[in-house]
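Q: I'd like to learn how to read packing in a model like this one. Could you walk me through it?

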Amino acid sequence: MNNTSLSFCIRIVLCVFLSTYCSAQIQRSKENINNDWEYLELNLESIDQLNNQTGWTSINLPHTWNNYDTMDLKPGYRRSASWYRKYLDIETIDKDLVYQLYFEGANITTQVYVNGKLSGEHIGGYIGFTFDISNQLKAGKNEILVRVDNSYDREIIPSQKSDFFIYGGITRDVWLIKKHISHISDLKITTPDVSKEKASLRLDLEIEGLEAKEKFEIRVELFEPDGKKVQTLSKKGTNGQLKIDFKNISKPLLWDIDTPNLYKVEVVLLKSDQQVDNVTEKIGFRWFEFKKNGPFYLNGKRVLLRGTHRHEEHAGYGAAMPNSLHRKDIEAIKEMGANFIRLAHYPQDPEVYKMCDELGILVWDELPWCRGGIGNEKWKTNTKNMLSEIINQNFNHPSIIIWSLGNEIYWLPDFEDGDNVDKLNDFLKEINTLSHTLDPTRKTAIRKYYAGSDIVDVFSPSIWSGWYSGSYTTYQKAIDKYLKEYPHFIHAEYGGSSHYGRHTENPIDGRGAMDPDGWTEAITQTAVTNIAKIGDWSENYIVDLFDWHLKIAETNDSFVGNVQWAFKDFGTPLRPENDIPYVNQKGIMDREGNPKDAYYVFKSYWAKNPFVYIESHTWTERQGLENTPRLVNVYSNCDKVALYFDGKPLGTKKKDINVFPASGLTWDVLFNEGINKLKAVGFKDGKKVTDSLTVSYRYKKNDVANSLSLSHKKLENGNYLIVATAKDKTGLRCLDYEERVYFQCLSGGETKKHLGTPMGSEAIKMSNGRAQIEVVPNNTGDTIEMTVLNQSFKGTYLTIPKT
């Protein structure tokens with residue numbers, strides 16, 4: 001062989017080696033492809049019908065077509081199908097790679113087509129799914145078409161009779177995943193034994209893409225939260241399943257609500273000593289226990305569960321929230337001091353679980369079997385599939401302690417005989433067994449299905465003291481009853497509606513109008529007298545209700561804990577007559593994430609960082625008789641608080657959670673007519689915090705509302721805040737006027753009208769004789785023309801020069 005031939009052969013061998021080496025070193029990649037999609041709002045059944053359609057609009061994901069129509073004043077919202085399109089440019093197709101599309105969630109049924117061929121279908125919203133598109137892809141430009149449908153379908157949970165909107169669309173992130181043909185397809189991590197002294201860790205792996213009896217090796221490295229390597233283990237295998245055990249991990253750093261230590265597990269798949277795939281997971285070492293007829297323990301220490309509920313939606317976005325808003329919600333929940341979230345009534349965005357892991361918030365994850373009763377065989381199959389998906393996908397999160405199997409499942413059946421208790425219990429037993437088979441390490445739960453309370457591990461009865469039944473002062477009686485009755489009792493859902501900025505000097509308590517005893521919620525409310533119907537929906541009343549519930553919970557050594565309903569106001573088709581139409585106003589924040597007064601009540605019991613809050617920053621105009629003291633409450637987590645009135649001290653008080661209201665931080669203040677200035681100063685752990693409030697007070701009570709007036713101010717964002725005020729014949733603001741008013745921008749701009757917020761609804765009931773809406777100016781004309789009216793008044797007009 002001459003030198004030329006030898007050189008050529010060497011080059012060939014080298015190229016083959018490098019090609020094989022590079023192929024073996026392929027790294028798994030996950031690329032976000034949210035941007036540059038197109039959307040077609042047409043309910044077409046097949047891709048053939050898409051030819052020559054010209055109505056496509058450019059969008060980015062996440063996306064829902066119901067972000068605004070749920071909040072308009074028309075009954076109903078779009079329940080139909082739409083199409084999404086994206087073009088993926090892939091320079092070359094690597095035969096050694098698997099290409100997948102991963103959808104974090106699309107609601108409620110989804111079909112995905114790649115280059116005209118069906119890649120897969122998924123039934124059910126609220127949980128992710130992955131389709132292998134390797135065989136449909138080609139080098140160059142690839143067309144991705146997605147049909148999503150949220151039409152009424154009683155065979156898919158949740159029931160359409162649920163108290164929340166079922167948003168249609170690709171409501172979460174979408175990813176393009178590339179990985180070697182031989183890859184880790186599933187990784188479940190458990191911690192069989194955990195104590196303060198030592199722990200163990202088990203990995204259950206599944207490997208796909210192996211040839212028959214092909215040899216491979218798994219190498220696993222475990223790292224402490226600070227990055228220090230703890231152990232490395234390797235194990236060889238010849239089939240697609242493998243178990244790896246880390247034993248005797250000394251003095252593990254525990255995952256806890258205050259110190260959520262997260263270890264990192266790096267798993268590498270090797271073939272012929274070359275890495276072909278790798279997966280990284282964060283895990284936590286912790287153990288928990290629900291004591292029989294007693295409290296909850298985490299890592300051997302009693303923890304009172306201080307909880308709230310979260311619906312996945314936001315003003316202007318619906319369910320299509322970006323990760324930044326998911327994070328904002330969870331951070332606000334943690335700042336409030338909550339250590340527990342019930343995800344209502346469905347699994348939520350992966351970012352939510354990630355944040356709960358990182359911040360130390362325990363999670364109740366819920367199968368969306370919400371109302372509707374038991375269904376047919378297809379319904380059962382869909383429901384079991386969804387439960388399996390939820391558990392398998394969220395398995396590794398240390399924050400999750402409960403798989404909930406449903407809520408109010410017997411209510412309002414969708415199928416004939418759907419409320420049959422025997423059939424309900426048979427199926428509940430079946431999915432309870434399924435849950436424990438898929439995950440023996442966590443508890444199951446259900447809320448408000450008494451006939452199945454002994455089937456699941458943890459049960460929540462319905463206790464709505466002071467809202468749907470009775471007085472909030474009966475709460476202790478309810479707790480005492482259920483602590484004895486249910487071995488593992490937690491209280492999920494309590495509270496009531498409040499209209500942002502509405503206040504009263506004398507909150508209604510229902511005495512004389514209803515039976516003060518009781519606490520359960522009736523399916524039909526027509527024959528029931530309760531605060532929900534006769535109450536004033538003031539923030540003052542809800543503040544008192546939550547204050548009472550928290551006082552009871554915080555001073556009961558045997559109680560597992562309670563879970564307030566709900567963290568933010570949220571949209572619902574069932575409440576068109578609410579003060580803000582189609583909004584469930586039980587949130588302690590509005591639908592945009594602005595805190596109501598009740599948020600600070602929870603902070604006063606739970607938050608760690610010192611603060612003081614004078615009730616209320618939206619109650620700056622008050623009235624009353626001369627020489628009549630008014631109660632001023634200060635909510636704070638400080639040990640001591642001092643209150644100053646017009647610069648003069650009114651005394652310092654010690655916080656005592658056994659005292660109601662405001663843990664004893666209350667002062668009787670004799671307001672002067674005109675401007676009054678309050679200042680609260682709190683002290684905690686050597687730190688000083690303050691809060692100030694200016695109150696305009698008058699001795700004269702307003703007469704009957706005689707007119708509506710409009711005023712405006714320009715906001716920093718360039719928009720205009722339009723304020724409507726109800727006034728009596730002398731021009732006094734009518735602080736007792738609460739009727740609905742209707743805004744309309746006649747020209748020069750657009751109201752922010754479909755947000756379901758205190759400044760984002762064209763129809764809204766007044767708060768102490770005032771309502772407001774934000775207006776965005778447009779490029780037409782030199783002025784903005786506004787009107788506000790209701791049945792009692794013929795309308796008032798306002799012309800605003802654009803500046």
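Q: Which residues have the most contacts inside the largest nonpolar core?
A: In soluble globular proteins, nonpolar side chains tend to be buried together. A nonpolar core here is a set of buried Ala, Val, Leu, Ile, Met, Phe, Trp, Tyr and Cys residues joined through side-chain atoms within 4.5 Å, buried being under 20% relative accessible area with a 1.4 Å probe, protein chains only. The largest such core has 121 residues, and Trp369, Leu428, Trp467, Phe546, Ile722, Phe743 and Met786 have the most contacts inside it. Helix α8 (residues 539-554) gives the most to this core, with 9 residues; helices are DSSP runs of H or I, at least four residues, numbered from the N terminus.

Q: Before we go on, what sort of model is this?
A: This is a predicted model, where local features need pLDDT of at least 70, side-chain atom pairs count only at pLDDT 80 or more, and totals for chains, interfaces and linings use all residues. Residues are numbered from 1 along each chain as its sequence is written, and side-chain values use heavy atoms, leaving out hydrogens and water.

Q: How do α4 and α5 pack?
A: Two packed helices are described by the angle between their axes and the distance between the axes. Axes are lines fitted to C-alpha atoms over the stretch in contact, with angles from 0 to 180 degrees between N-to-C directions. Helix α4 (residues 377-394) and helix α5 (residues 421-438) pack at about 25 degrees, with their axes 10 Å apart. That makes α4 roughly parallel to α5 (angles under 35 degrees).

Q: Is Leu643 buried or exposed?
A: Leu643 is buried, with a relative accessible area of 0%. The C-alpha atoms of Leu643 and Leu678, 35 residues apart along the chain, are separated by 7.1 Å.

How values were computed. Buried means under 20% relative accessible area, exposed over 50%, partly exposed in between (1.4 Å probe, protein chains only). Helices (H or I, at least four residues) and strands (E, at least two) are DSSP runs, numbered from the N terminus. Angles under 35 degrees count as roughly parallel, over 145 as roughly antiparallel, 65 to 115 as roughly perpendicular and the rest as oblique.
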